[in-house]
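Visitor: Could you take me through this protein chain in a series of questions and answers, with the criteria behind each term spelled out as we go?

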Amino acid sequence: MSELTIPAELPREPRRPIAGNTSTRILKLLALVFMCCDHVGARLITNVIELRIIGRLAFPIYAWCLVVGFSYTRSVPKYALRLLAIGILSQPIYALVMNHDWLELNIFFELLIALLGLWAIREKVHASHIWGPILALILAQTVCGTVSYGWKGVLFIFLLYAAQDSRKALAAVMVAFCLFWGSASSTVTVAFGVHLSTLTRNAPWSSLLSPWCRLQAMSILAAPFILARFPKDIRMSSWVGYALYPAHLIVLWVVIHLLGA
């Protein structure tokens, strides 16, 4: 899905303090598991809403890892080229597995656009901190808005970047944006054996809990992974991390083909 590990060569310190989790290799593996659940729920076991709920955790974690990677990388152009390469490599199998049109782009392209927008914000070349993010939002909606998160996903990444040095600010961004996402998504009535409708039936709980009983709002469950501090990251080649995205799609395509789904 994205370049989610800190590149091999690191500067001594990021340009800005990072308050959240910097163990991006672990986070990327977790997000891959969540994304696999989402894809299985979308293509194989479509009647199990819990798989789609678990899948909501993937994008916020990927978004945060992009912010961390951008803060540490020595070369944004090389970072961008890696995102572009894996996006192009993954697109054919992504389209086949998810039954999308060939021009309905995978998440790597949205992350690439967000990365370029962050670069424009930070460098401030010819007022790029003004026109750069605006252009990124427009481009994301134009080329990624059909099956991905469009301008909302890119804006979310920009807000995480703005809040990266404060855990309280990161938590506020997660709560506010997940509620914003959820407002336009489907209502979830039962999850993990709990009938959510019974929890929201009576006031004052209805007004308090009902906004969270929507599929996309449940992305908030990713907040502990973003805000936590893991004691140690794992060693893993960046290219291994890249390969996991198309690899899981290939495995899923084989299973779908064998089952005739």
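Visitor: Is Val175 buried, partly exposed or exposed?
Guide: In this predicted model, local features need pLDDT of at least 70 and side-chain atom pairs count only at pLDDT 80 or more, while totals for chains, interfaces and linings use all residues. Residues are numbered from 1 along each chain as its sequence is written, and side-chain values use heavy atoms, with hydrogens and water left out. Relative accessible area (1.4 Å probe, protein chains only) sets the classes, with buried under 20%, exposed over 50% and partly exposed in between. Val175 has a relative accessibility of 35%, so the class is partly exposed.

Visitor: Which residues does Val175 contact, leaving aside neighbours within four places in sequence?
Guide: Val175 sits in helix H8, residues 167-182, where helices (H or I, at least four residues) and strands (E, at least two) are DSSP runs numbered from the N terminus. With contact meaning heavy atoms within 4.5 Å, and with neighbours within four places in sequence set aside, the partners of Val175 are Trp212 and Ile220.

Visitor: Is Ala163 buried or exposed?
Guide: Ala163 belongs to the loop between helix H7 (150-162) and H8, and, leaving aside neighbours within four places in sequence, Ala163 is in contact with Ala169, Leu170 and Val173. Its C-alpha atom is separated by 8.7 Å from that of Ala19, a residue 144 places away along the chain. The relative accessible area of Ala163 is 7%, so this residue is buried.

Visitor: How are H1 and H3 oriented to each other?
Guide: Two packed helices are described by the angle between their axes and the distance between the axes. The axes are lines fitted to C-alpha atoms, for helices over the stretch in contact, and angles run from 0 to 180 degrees between N-to-C directions; those under 35 degrees count as roughly parallel, over 145 as roughly antiparallel, 65 to 115 as roughly perpendicular and the rest as oblique. For H1 (residues 24-43) and H3, the axes come within 8 Å and cross at roughly 155°. The two helices are therefore roughly antiparallel.

Visitor: What is the handedness of the crossing of H1 and H3, and how many nonpolar, polar and charged residues are in their contact?
Guide: A crossing is left-handed if the near helix is turned anticlockwise from the far one by less than a right angle, and right-handed if clockwise; that of H1 and H3 is left-handed. H1 contributes Thr24, Leu27, Lys28, Ala31, Leu32, Phe34 and Met35, and H3 contributes Ala58, Ile61, Tyr62, Trp64, Cys65 and Val68. Ala, Val, Leu, Ile, Met, Phe, Trp, Tyr, Cys and Pro count as nonpolar, Asp, Glu, Lys and Arg as charged, and the others, Gly among them, as polar. By class, this contact has 11 nonpolar, one polar and one charged residues.

Visitor: How are H3 and H5 oriented to each other?
Guide: H3 (residues 58-72) packs against H5 (residues 107-123) at an angle of about 40°, with the axes 11 Å apart, and H3 passes H5 in a right-handed crossing. On the H3 side the contact is made by Phe59, Leu66 and Phe70, which meet Ile107, Leu111, Ala114, Leu115, Leu118, Trp119 and Arg122 in H5; these residues divide into nine nonpolar, no polar and one charged. From the angle, H3 and H5 are therefore oblique.

Visitor: What is the phi of Lys124, and what is that of His126?
Guide: Lys124 lies in the loop between H5 and H6, and His126 is placed in the loop between H5 and H6 as well. Lys124 is exposed at a relative accessible area of 55%, and His126 is exposed at 72%. Neither residue is a glycine, yet phi is positive, about 55° for Lys124 and about 50° for His126.

Visitor: What is the radius of gyration of the protein chain?
Guide: The protein chain has 12 helices and two strands. The radius is taken over C-alpha atoms, and the globule rule is 2.2 Å times the number of residues to the power 0.38. For 261 residues that rule gives 18 Å, and the chain is close to this value, so it is as compact as a globular protein of that length, with a radius of gyration of 18 Å.
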